[in-house]
Amino acid sequence: MDRNEHEHVIEVTDLRRVYGGGFEAVRGITFSVARGEVFALLGTNGAGKTSTVELLEGLARPASGRVRVLGHDPYAERDAVRPRTGVMLQEGGFPSELTVAETARMWAGCVSGARPPAEVLDRVGLAGKTGVRVKQLSGGERRRLDLALALLGDPEVLFLDEPTTGLDAEGRRDTWELVRGLRDAGTTVLLTTHYLEEAEGLADRLAILHEGRIAAAGTPAEVTAAQPSRITFELPEGYFLGDLPPLGELGVSGHEVDGRVVRLRTRQLQRAATRLLVWAEGAGVELRGLDVRSASLEEAFLGIAREASAAGEQSTEHKEYAA
Ligand SMILES: Nc1ncnc2c1ncn2[C@@H]1O[C@H](COP(=O)(O)OP(=O)(O)OP(=O)(O)O)[C@@H](O)[C@H]1O
């Protein structure tokens, strides 16, 4: 088995998925995930995350394009891929009359070389719930059980579809710790999430899907760096926007004025902030409420979704972003 760290464990090339009625949910996406990386697929509702993950899991055949997981086609070569991957679906769907321990034992019986169920249940914080029927678990506990079942086979690649949906803040943090631990032990993780702070804190790289296409991809820092930073302040008493240095000279690409509050957008944060402060110093005025900040992943996400929608309205062409 090749355990080369730089090996691309997941490779997706120009992947498309079309549903029965002809709806194209995945419209030609390309990305790869290296061994030991955590890769997040983000996107608005209906962006195509689950449709993509199902293709990676070998649950459906692509309309066109190529998927390789551990060097194999997960659909056509399911037997080669399945034992080395763990899958946590959005809906577990296991029999709810069984207890937690019975469910884990039953699942372990289907997995070759399974970890001891008790150990895995302990790992996800369900050691105290082994005798409880699945139907009596809370939503968050069910997600933990889903995760435990995905971990039973000690997988090289783990697919997590919205792993922390329904978990409280503590449960979410515990799951993040678990995923980090798995990553440190060399597991490759592909997850989908609606939580931007989850992607920001957990993912080595991510892709933002919008209407079946990749609208942006890279490390969280790269994706946010592509978005403008913001400077907000109150116009000093007696001053107007036109009294500031010309916004173009400040490197400002857009602005809004709301009463006396001015918001500037810039991709040259240091230059804009420095010139603005030098101007204020020279004018002997204070810029009240001054707030200077880089874009967060959330702002990047919202900005990309807005841009992509606007571009989609004007043209069917889409932007290519470097992964
Ligand atoms: N079986 C199906 N038949 C037809 N259309 C489908 C089917 N399954 C999903 N879709 C459509 O494909 C699109 C992508 O759905 P998908 O579930 O992949 O999105 P998602 O990004 O996972 O969304 P969410 O965040 O809401 O889970 C949606 O518009 C959805 O309505």
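Asp291 is partly exposed, with a relative accessible area of 28%. Here buried means under 20% relative accessible area, exposed over 50%, and partly exposed in between (1.4 Å probe, protein chains only). The model is predicted: local features need pLDDT of at least 70, side-chain atom pairs count only at pLDDT 80 or more, and totals for chains, interfaces and linings use all residues. Residues are numbered from 1 along each chain as its sequence is written, and side-chain values use heavy atoms, with hydrogens and water left out.

Asp291 forms a salt bridge with Arg293. The closest N and O atoms of this pair are 3.0 Å apart. Arg293 is partly exposed, at 42% relative accessibility. A salt bridge is defined as a side-chain nitrogen of Lys or Arg within 4 Å of a carboxyl oxygen of Asp or Glu. By this rule the model holds 19 salt bridges.

Glu156 pairs with Arg84, with 2.7 Å between the closest N and O atoms. Helices (H or I, at least four residues) and strands (E, at least two) are DSSP runs, numbered from the N terminus. Glu156 counts as buried, at 7% relative accessibility. Lys129 forms a salt bridge with Glu141, where the closest N and O atoms are 3.6 Å apart. Lys129 lies in the loop between helix H4 (117–123) and H5, and Glu141 in helix H5, so this pair ties together parts that are 12 residues apart in sequence. Lys129 is partly exposed, at 30% relative accessibility.

The chain is divided into domain 1 (8–96 + 143–224) and domain 2 (228–293). These bounds come from an automatic or database domain assignment. The C-alpha centres of domain 1 and domain 2 lie 42 Å apart.

A nonpolar surface patch is formed by Leu277, Leu290 and Val292. Together these residues have about 220 Å² of accessible area. Such areas come from the Shrake-Rupley method with a 1.4 Å probe; for residues, only the protein chains shown count as cover. Patches are made of residues with over 30% relative accessible area and no salt bridge, with like charges joined within 9 Å and nonpolar side chains (Val, Leu, Ile, Met, Phe, Trp, Tyr) within 5 Å. Leu277 sits in helix H10 (residues 269–283). Its relative accessible area is 43%, so Leu277 is partly exposed.

Val100, Ala101, Thr103, Ala104 and Ala108 are buried in H3. Seen down the axis of H3, the buried residues fall within an arc of 160 degrees, so they line one face of the helix. The arc is that of the directions from the helix axis to the C-beta atoms. Arg105 and Gly109 are exposed on the other side of H3. The buried residues of H3 pack against H4 and H5. Contact means heavy atoms within 4.5 Å.

Leu196 is found in helix H7 (residues 196–202). Leu196 is buried, with a relative accessible area of 12%. Not counting residues up to four places away in sequence, Leu196 touches Leu42, Leu297, Glu298 and Phe301. Leu196 and Glu298 are 102 residues apart in sequence, yet 6.0 Å apart in space, C-alpha to C-alpha. Ala185 lies in the loop between helix H6 (169–184) and strand E7 (188–193). Ala185 is exposed, with a relative accessible area of 67%. From Ala185 to Leu269 the separation is 84 residues in sequence and 38 Å in space, C-alpha to C-alpha.

Two loop residues were noted for backbone geometry. Most residues other than glycine have a negative phi. Leu70 has a positive phi, near 55 degrees. Leu70 lies in the loop between strand E4 (64–69) and H2, and counts as buried at 7% relative accessibility. Asp154 also has a positive phi, near 50 degrees. Asp154 is placed in the loop between H5 and E6, and counts as partly exposed at 47% relative accessibility.
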